[in-house]
Amino acid sequence: MPANPNNLPPPYEGGCACGAVRYRIEAAPIGVRICHCRICQQAMASPFIVQASFPKSAVTVTGETEHWQSSARLKRHFCPRCGTRVTIEPADGDRLAFPLVTFDNPAALFPEMHIWVTSRIPWLVLDDGLPQHPEASPEPYREA
């Protein structure tokens, strides 16, 4: 599915709740996905995470973060002061994902799809018309 034409153009800025960690992104997203996997549910203390991925080369992060290796594939970076999950770093790509709720304008980007819906919380009704994938997306990330 192509990117939503209502997406705002870069740059995107955001950060943690206490302001100790900030970021700036100078590129359009290469994917915006809603993940319902069990690890994202637990890591975010939420039924899902909405995250946008960007090339690492387009991202500047200021402030110190710590990380948790949530799987063999993913490191989740967070602010050690307030605990906000700031970014997700996959081992298998030169990209970083940011939860849209950490953007200064969390409505700047629109999700393109739901992934890992086999782990969806049963009371959560998905009626937004977005594609739903049982596991990981069959669509690769776009080129930067």
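## Reading cores, contacts and cysteines

Mentor: Leaving out neighbours within four places in sequence, Arg 95 touches Ile 30, Ser 53, Phe 54, Pro 55, Lys 56, Arg 73, Glu 89, Pro 90 and Tyr 141. Keep in mind that this is a predicted model.

Trainee: Where does Arg 95 sit, and is Arg 95 buried or exposed?

Mentor: Arg 95 belongs to strand 9, which covers residues 95-99. Its relative accessible area is 11%, and buried means under 20%, so Arg 95 counts as buried.

Trainee: Let's turn to the core. Which residues of the largest nonpolar core touch the most other members?

Mentor: That core has 20 residues, and those touching the most other members are Ile 25, Phe 54, Phe 98, Phe 103 and Leu 109. At least two residues of this core come from each of strand 2 (22-25), strand 3 (31-35), strand 4 (49-55) and strand 9. Strand 4 gives the most, with 3 residues.

Trainee: What is Ile 25 in contact with, leaving aside its neighbours within four places in sequence?

Mentor: Ile 25 meets Phe 54, Phe 98 and Phe 103, and its list also includes Pro 10, Pro 11, Tyr 12, Ala 58 and Val 59. Apart from this core lies another, of 10 residues, including Cys 35, Met 44, Leu 74 and Ile 88.

Trainee: Now a loop residue. Where does Phe 48 lie, and which residues is Phe 48 in contact with beyond its neighbours within four places in sequence?

Mentor: Look in the loop between helix 1 (38-44) and strand 4. With sequence neighbours within four places set aside, the contacts of Phe 48 are Ile 34, Cys 35, His 36, Gln 41 and Leu 124. Its relative accessible area is 28%, so Phe 48 is partly exposed. Phe 48 and Cys 37 are 11 residues apart in sequence, and their C-alpha atoms are 7.3 Å apart in space.

Trainee: That brings me to the cysteines. How many disulfides are there?

Mentor: First, the general idea: a disulfide is a covalent bond between the sulfur atoms of two cysteines. To count one here, the two sulfurs must lie within 2.5 Å. By this rule the count is 0. Cys 18 is in no disulfide, and its nearest cysteine sulfur, that of Cys 16, is 3.7 Å away.

Conventions: Residues numbered from 1 in each chain as written. Predicted model: local features only at pLDDT ≥ 70, side-chain atom pairs only at ≥ 80, totals over all residues. Heavy atoms only, no water. Helix = DSSP H or I, 4+ residues; strand = E, 2+ residues; numbered from the N terminus. Buried < 20%, exposed > 50% of the residue type's maximum accessible area, 1.4 Å probe, protein only. Contact = heavy atoms within 4.5 Å. Core = buried A, V, L, I, M, F, W, Y, C linked by side-chain atoms within 4.5 Å.
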